[in-house]
Amino acid sequence: MVHPVGSARLHCSDSRRRWIVEGNEPLCIATNAPHTRISGPDGAPVICALEVPGVIRRTFKGVFEFPAGAEYVLPVVSMDCETATGCVVGAELPVFAAPFHALAAQAVVSRSVICGTGSPRHAIADFCDTTHCQFLRSPAARASVIAQAVAATCGCVLADNGRVIPARYSAACGGWTQGGLENGYRYVPVRCEVCSEQRIAQRGHGWGLCQEGAMELARRGWGWRAILAKYYPNATPAPLTGAV
Ligand SMILES: [Zn+2]
Ligand SMILES: [Zn+2]
């Protein structure tokens with residue numbers, strides 16, 4: 001089910017026709033539907049809620065495609081990098097507990113994953129929205145601290161040798177981050193005093209940014225640039241346009 005949000009008018013089309021969906025009448029996409037496309041006027045992004053009734057409902061902002069020919073409905077949402085970054089940051093850190101500079105560091109890291117991954121990770125999309133790629137939430141509300149963290153770091157990615165690194169990160173490093181070469185970037189083992197002092201066990205793979213560490217360092221007054229320099233000593237925050 002595709003629901004217009006607020007006063008949005010959904011411009012829908014398939015191989016046979018074009019039509020508008022608005023108000024409280026959702027559009028139901030069946031498994032045997034032809035390839036269906038939904039956008040705002042003139043192909044612009046639009047906000048709508050996708051729902052599997054009784055299972056999940058989530059709001060997205062973008063242009064929506066529902067490819068035909070599958071035994072299931074598989075929505076593909078195209079969105080710009082900054083919108084996607086806000087959606088990922090909202091999913092990655094506990095929004096009400098995470099300080100601004102931890103969210104800003106996460107925004108740079110997630111933007112680097114989005115822009116630095118290179119080849120698509122799925123046949124019909126660059127990413128899926130499960131932990132296989134990057135988990136997504138609904139777009140950040142305009143005045144939210146997430147939106148502010150994304151705006152404050154707009155277009156900024158982690159770069160090494162003129163290349164965006166698809167930066168790895170995990171929930172807790174356990175005291176030392178993992179070292180090694182991956183995707184051309186050398187991860188240096190970094191001592192994380194937060195996990196050491198607070199005896200936080202490793203959660204996740206332990207490469208790159210430690211989210212527990214980043215949140216506590218931000219509470220202690222560290223800025224997002226200092227947090228990134230600590231966990232990615234071989235990378236530099238750079239504007240996306242200059243890095244690639
Ligand atoms: Zn995936
Ligand atoms: Zn840590």
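User: Which residues of helix α3 are buried?
Analyst: Quick heads-up: this is a predicted model, in which local features need pLDDT of at least 70, side-chain atom pairs count only at pLDDT 80 or more, and totals for chains, interfaces and linings use all residues. Residues are numbered from 1 along each chain as its sequence is written, while chains are lettered from A and ligands numbered from 1 in the order in which they are written. A residue counts as buried if 20 or more other C-beta atoms, placed from the backbone, lie within 10 Å of its own, as exposed if 12 or fewer do, and as partly exposed in between. In α3 (residues 145-152) the buried ones are Ile146, Ala149 and Val150.

User: Which elements do the buried residues of α3 pack against?
Analyst: Helices (H or I, at least four residues) and strands (E, at least two) are DSSP runs, numbered from the N terminus. By that numbering, the buried part of α3 packs against α1 (81-92) and α2 (100-116).

User: How many helices and strands are there overall, and how much of the protein is buried?
Analyst: The protein has seven helices and 14 strands. Out of its 244 residues, the buried share is 36%.

User: What share of the contacts in the protein with a separation of 6 or more comes from residues 24 or more positions apart?
Analyst: Two residues are in contact if their C-beta atoms, placed from the backbone, lie within 7 Å. Taking the contacts with a separation of 6 or more, residues 24 or more positions apart account for 63%.

User: How far apart are the centres of domain 1 and domain 2?
Analyst: The protein splits into domain 1 (2-78) and domain 2 (81-243), with bounds from an automatic or database domain assignment. Taken over C-alpha atoms, the distance between their centres is 30 Å.

User: Which strand gives the most to the side of domain 1 that touches domain 2?
Analyst: Where the domains meet, six residues of domain 1 are in contact with five of domain 2. With four residues, the one that gives the most to the domain 1 side is strand β6 (residues 56-66).

User: How do the residues on that side of domain 1 divide by type?
Analyst: Ala, Val, Leu, Ile, Met, Phe, Trp, Tyr, Cys and Pro count as nonpolar, Asp, Glu, Lys and Arg as charged, and the others, Gly among them, as polar. The side touching domain 2 has two nonpolar, two polar and two charged.

User: How many bridges join β5 to β6?
Analyst: Strands pair if DSSP finds at least two bridges between them. β5 and β6 form a hairpin with three residues between them, and Gly54 in the turn has a positive phi of about 80°. Cys48 stands opposite Phe60 in β6. The strands β5 (residues 46-52) and β6 run antiparallel, and the number of bridges is seven.

User: What is the bridge partner of Val63 in β7?
Analyst: β6 also pairs with β4 (residues 36-39) in the antiparallel sense over three bridges, and Thr36 stands opposite Phe66 there. With β7 (residues 76-78), β6 again makes three antiparallel bridges. In β7, the partner of Val63 is Ser78.

User: Which strands are the edges of the open sheet of three strands?
Analyst: The sheet has the order β9-β8-β14, with antiparallel pairing. β8 (residues 156-160) and β14 share four bridges, and Ala159 stands opposite Thr236. The edge strands, each pairing on one side only, are β9 and β14 (236-239).

User: Is Asp42 buried or exposed?
Analyst: Asp42 lies in the loop between β4 and β5. Its phi is positive, about 55°, although Asp42 is not a glycine. Because 6 other C-beta atoms lie within 10 Å, Asp42 is exposed.
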